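User: Got a model open here and want to talk through its contacts. Can you help me go over it?

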Amino acid sequence: MNIIYSKRTRTFFLSILFLFITATTYSSDDVSLASLLNLDVTIATKLKQSVNDAPSIVSVITENEIKNSGAKTIEEILKQVAGFDINPIPIEPNPQVGIRGLANSTNEIVKLMINGHPIENTYTTGFGYWEGFPIDLIKKIEIIRGPGSALYGNSAMIGVINVITKDSKDDSALSAGYGSFDSLKGYANMAYNDGKFGLFLFADGFKSNGDSNLVESDFALQKFGPVAAMYGLDPKIVGDAPGMTTENFEYYNFYSKMSYNNLYVVLMGNKAVTDIPVSLRKTLTDDNTRKLSNAFIEGGFSNKLSEKANLNMKAYADYFKYDYNVEILSEKTTGFLSKALGLGYPLGESAKGHPVLENYKIGTEASLSYSILEGFDLVSGIQYEQHEQFGSHISVNFNGSEKPTMLNGSLAMPLQYFPYQDVTSTHNFTQDEDRNIIALYGQFTFDIIDTFSLKGIGETLSITGGVRYDKYSDIGSNINPRAGLVYAPNELLYFKALYGKAFRAPNFRELYNKNNDVQNGNPDCEAEVLTTVEGLIGINPTKWMTLSVDYFVTKMEDMISIVPDPDHADLITFDNVGTVKSSGVEGEIKLSLDKNKYGYFNITYQDVKTITHEKVFNMTGKPTQYSQPDYNPGSIPEFIANFGINTDITKYMNFNVCLNYIGERKRSEKLVLNAQGDLEKIDKRNPIAERYLVNASLMFKDFDFAEGMSFQITAYNLLNEDDRAPDPEGDIANDVPRWGRNFLARLTYEF
């Protein structure tokens with residue numbers, strides 16, 4: 001457990017003393033801990049409980065905290081949570097959410113829900129709403145760090161995030177903002193409620209030219225640069241690197257909810273149009289535009305059957321479209337390849353592709369909660385979903401495989417040019433498929449002290465147990481149990497001991513992709529499985545302070561990874577080959593002196609190891625087999641820390657500052673054999689240095705002459721840190737640079 005004690009690191013960790021200085025100079029006996037720190041949540045059991053009593057490691061982010069921080073993306077909000085590490089992947093810059101050192105490319109192992117509605121799609125699981133999420137729609141975010149499949153099924157492995165939206169009981173509002181890189185951000189919502197009928201409408205938009213940054217080296221430079229050097233040419237002629245990224249984007253959202261008594265209907269749509277900085281081949285190109293379209297409709301009702309029983313039912317339909325115009329290789333790269341290898345690209349013609357697909361899901365869920373005795377509650381439910389992928393097609397102007405291929409009757413060599421055409425009939429990138437899912441779940445929560453009136457032994461002694469069964473038409477069934485014990489001997493202390501299993505079904509990309517030298521599907525893939533054991537100690541020393549420390553051990557097995565295809569030596573495919581273990585400690589201090597005077601500090605230590613023990617063969621001379629020892633998979637910081645303070649300087653002025661620290665990211669320690677038959681690390685690059693992101697926001701509000709009006713200016717990455725998103729494969733040698741210092745000013749009117 002080694003911290004790099006740089007001067008900046010020492011300064012950061014000493015700065016948390018400011019929290020305690022603030023706390024000891026202010027007290028507020030009339031402020032309730034329950035109202036400011038120990039908030040009620042439903043995410044842990046689908047029943048209302050306090051954060052301290054919930055049988056999960058739970059975090060809550062409120063509307064007030066989001067507004068005061070000036071956050072413009074969901075990434076900036078979630079970075080405040082202990083254990084969260086969020087970065088885009090180079091070829092698909094949706095936020096990749098890592099929790100406790102575990103992550104994957106499109107957030108397949110994190111469950112994101114909107115008012116309990118799961119929004120994953122069948123092709124990639126986690127694409128869509130993460131980009132341009134409408135943060136001004138958020139009333140509260142409830143977060144579980146750890147498994148949640150016993151209640152929520154697929155994808156709820158390392159975390160569950162439930163976004164609770166504003167509704168007809170909230171204010172109407174208008175907002176407009178302008179910032180760096182010609183960024184425009186605004187929203188409008190209208191709310192009406194007469195006691196029985198409620199209507200809420202929301203729309204927003206966010207567009208920007210983004211912060212172009214220098215990419216020093218990409219795949220094309222590393223792959224073809226040495227070829228140019230052999231002929232005495234400048235390696236830089238093979239592509240656009242070194243060069244600047246493109247970062248343009250446009251995000252639009254619409255949300256509506258209509259309710260009457262206990263009935264409701266929700267409609268939401270989301271569209272993201274993004275210029276991707278690098279292509280699917282990790283080359284710097286300037287013509288990659290990806291369009292993601294998402295929508296869902298849900299209707300349901302809640303019916304109180306008796307004083308003890310409540311029935312909830314809902315039906316829903318989701319739609320997703322993926323439309324990607326991608327420039328795989330730039331004009332400079334294809335020009336060089338045509339001269340060097342005779343691949344036939346016309347002057348100024350790049351290597352292009354255009355994959356498109358759509359999918360939908362329809363489903364229904366019924367859940368029943370029943371209070372058997374005081375403190376003894378049951379929750380049970382049944383869920384059914386039908387998924388279908390359709391409309392997949394692709395057009396290209398080159399042979400993207402690693403071998404000669406017949407394309408519409410003509411033989412094309414690898415990377416060879418041919419006139420742009422639709423090759424869906426012979427070389428589609430995926431296939432149309434469907435699946436059906438049925439799930440049953442049940443859970444009990446039993447508070448022994450409440451049921452038997454045993455106040456003499458403490459405040460809370462609660463046992464939770466549950467299990468969920470999921471049956472997939474294409475991959476089989478999965479059973480995921482959970483168990484939890486929560487004990488509070490008094491109002492000062494509370495303890496949690498938790499166990500849970502979770503799973504993630506392979507998505508259609510992993511099952512059915514084809515004709516692709518980057519990633520081919522494998523219909524034999526099975527579900528990933530995860531087991532977690534957690535323990536937490538919490539202390540409430542005052543009405544306005546809470547401290548907690550938790551320890552976790554997580555083992556993730558049958559991980560779906562990209563490996564050489566055993567049946568086709570020139571291809572790669574998905575398969576269940578990985579096992580990873582993550583363990584660590586999370587600590588948090590929270591202060592809440594009143595609504596606008598609060599602070600937090602959290603720190604996470606995480607130790608992540610790949611324990612697959614792959615075999616490495618030395619075939620030089622006498623064949624020798626090596627067993628890969630446990631190793632750091634790379635790109636994962638050992639330490640993450642967050643520090644934030646909010647205070648209303650005057651009645652009319654509010655100040656917020658938050659700091660996100662990410663420690664050094666080591667490279668992968670995986671071993672390979674070099675040309676001489678010796679073992680060496682696969683990634684010899686230097687680690688990514690630690691970095692500090694500071695955001696600061698100043699808000700002016702509550703003026704007597706402009707009631708409901710506020711003006712806010714926020715600075716992001718105030719220190720102009722060199723922030724880089726890791727590229728684990730090393731195709732982009734110095735990783736992907738992210739936005740430097742930037743600003744956004746917003747004017748909002750609530751009425």
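User: In which sense do strands E6 and E7 pair, and over how many bridges?

Analyst: This is a predicted model. In it, E6, residues 110–114, pairs with E7 in the antiparallel sense, over two bridges. Ile-114 stands opposite His-117 in E7.

User: What order do the strands take in the open sheet?

Analyst: The order is E3-E8-E9-E6-E7, five strands with mixed pairing. The edge strands are E3 (58–62) and E7 (117–118), and each pairs on one side only.

User: Switching to charges. How many salt bridges does the structure hold?

Analyst: It holds 41. One of them joins Arg-290 to Glu-92, with the closest N and O atoms 2.3 Å apart. That pair links distant parts of the chain: Arg-290 is in strand E17 (residues 289–304), Glu-92 is in strand E5 (residues 92–99), and they are 198 residues apart.

User: Are Arg-290 and Glu-92 buried or exposed?

Analyst: Arg-290 is buried, and so is Glu-92.

User: And what does Lys-111 form a salt bridge with?

Analyst: Glu-120, with the closest N and O atoms 3.0 Å apart. Lys-111 and Glu-120 are both buried.

User: How far apart are the closest N and O atoms of Lys-455 and Asp-450?

Analyst: 3.9 Å, and the pair forms a salt bridge.

User: Why does Lys-455 count as exposed?

Analyst: Because its relative accessibility is 53%, and the cut-off for exposed is over 50%. Asp-450 has 29%, so it counts as partly exposed.

User: Which residues do salt bridges with shared partners join into one network?

Analyst: Arg-100, Arg-145, Glu-534, Asp-550 and Glu-586.

User: Rings next. How many aromatic pairs are there?

Analyst: The count comes to 24. Tyr-187 and Phe-202 form a stacked one, 5.8 Å centre to centre with 25° between the planes. Tyr-187 is in strand E11 (residues 183–193) and Phe-202 in strand E12 (residues 197–208), 15 residues apart. Both residues, Tyr-187 and Phe-202, are buried.

User: How are Phe-703 and Phe-705 arranged as a pair?

Analyst: They are stacked, at 5.3 Å centre to centre and 25° between the planes. Phe-703 counts as partly exposed because its relative accessibility is 25%. Phe-705, at 72%, counts as exposed.

User: Which residues form one aromatic cluster?

Analyst: Phe-181, Phe-206, Phe-249, Tyr-251 and Trp-739.

User: Last one. Where does the charged end of Lys-72 sit?

Analyst: Over the ring of Tyr-716, 3.3 Å from its centre. Lys-257 lies over the face of Tyr-264, at 5.5 Å from the ring centre.

Technical notes: Residues numbered from 1 in each chain as written. Predicted model: local features only at pLDDT ≥ 70, side-chain atom pairs only at ≥ 80, totals over all residues. Heavy atoms only, no water. Pairing = 2+ DSSP bridges. Helix = DSSP H or I, 4+ residues; strand = E, 2+ residues; numbered from the N terminus. Salt bridge = Lys/Arg side-chain N within 4 Å of Asp/Glu carboxyl O. Buried < 20%, exposed > 50% of the residue type's maximum accessible area, 1.4 Å probe, protein only. Phe/Tyr/Trp six-rings, centres within 6.5 Å; stacked < 30°, edge-to-face > 60°. Lys NZ or Arg CZ within 6 Å of the ring centre and 35° of its normal.
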